[in-house]
Amino acid sequence: MRMLKRYLKELTQLPTMRKNIRCSHIYLRICIFYKPKKTMKRKLFIMLLLIQCSIVNSQSCEKIMEFVKSKSYGTSYTSYDSDAISKVTFYSVSENYKTLYFAIVCFKKKYSYGCNEYIYQVSSNTKLNYSLNYLNSAGKAFWKYIHPHRKNLNCSPNFN
């Protein structure tokens, strides 16, 4: 919320500016020209834009997951002994001569056989590190190798 207020303050005070506003994993470039009589319209436009960003964010994690699954075959590591994690699947997606690495973690539901899937953008060595340690403890391997990447996409569950 502080960040939004700061952007609004900067946008209304400067005559002409270009700002990058980051909405999770969507980047928007806004070019606003100063017009003294239209300050309220500008504030309203910015607020509507930021509200749209928050709505898009809730849908985009699922869309990223669909995109990753459609672009690549994954390597799955199933944990039968874990109380929380049933499966972790690693994907590598190449786009524009750049390879991105993802992990889709399937957390067990409490009173069901199903699971909740969450996606993480991880580093290139995460798959190797997780695969070497998940048989000892899938939970410890998750916390050590996958969970530190939770802020890359902001698609991870809140464990608090």
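Start at Cys106: this residue is buried, with a relative accessible area of 3%. Buried means under 20% relative accessible area, exposed means over 50%, and partly exposed lies in between (1.4 Å probe, protein chains only).

Before moving on, note that the model is predicted: local features need pLDDT of at least 70, side-chain atom pairs count only at pLDDT 80 or more, and totals for chains, interfaces and linings use all residues. Residues are numbered from 1 along each chain as its sequence is written, and side-chain values use heavy atoms, with hydrogens and water left out.

**Stop 1: the disulfides**

A disulfide here is a pair of cysteine sulfur atoms within 2.5 Å. Cys115 counts as partly exposed, at 31% relative accessibility.

How many disulfides does a search of the whole structure find? It finds two. For the other bond, select Cys61 and Cys155, whose sulfur atoms are 2.0 Å apart. Look along the S-S bond: the angle about it is -85 degrees, and the link of Cys61 and Cys155 is left-handed. This pair links distant parts of the chain, 94 residues apart. Cys61 sits in helix 2 (residues 39-71), and Cys155 in the segment after helix 4 (138-146). Helices (H or I, at least four residues) and strands (E, at least two) are DSSP runs, numbered from the N terminus.

Are Cys61 and Cys155 buried or exposed? Cys61 is buried, with a relative accessible area of 15%. Cys155 is buried too, at 8% relative accessibility.

**Stop 2**

Select residues 85-95 and 98-108. These are strand 4 and strand 5, which run antiparallel and are joined by 10 bridges. Two strands pair if DSSP finds at least two bridges between them. Find Ile85; opposite stands Phe107 in strand 5. Now go to the turn. The hairpin of strand 4 and strand 5 has two residues between the strands, and Asn96 takes a positive phi near 50 degrees there.

Find Lys108: Cys115 in strand 6 stands opposite.

**Stop 2: aromatic rings**

Show the side chains of Phe, Tyr and Trp. A search of the whole structure finds 12 aromatic pairs. Pick out Tyr77 and Phe90: their pair is edge-to-face, 5.9 Å centre to centre, with 70 degrees between the planes. Tyr77 lies in strand 3 (residues 75-78) and Phe90 in strand 4, 13 residues apart, and the pair links distant parts of the chain. Rings of Phe, Tyr and Trp (its six-membered ring) pair if their centres lie within 6.5 Å; planes under 30 degrees apart count as stacked, over 60 as edge-to-face and the rest as tilted. Tyr77 is buried, with a relative accessible area of 14%. Phe90 is buried at 5% relative accessibility.

Next, select Phe107, Tyr118, Tyr120, Phe142, Trp143 and Phe159. Ring pairs link these residues into a cluster.

**Stop 3**
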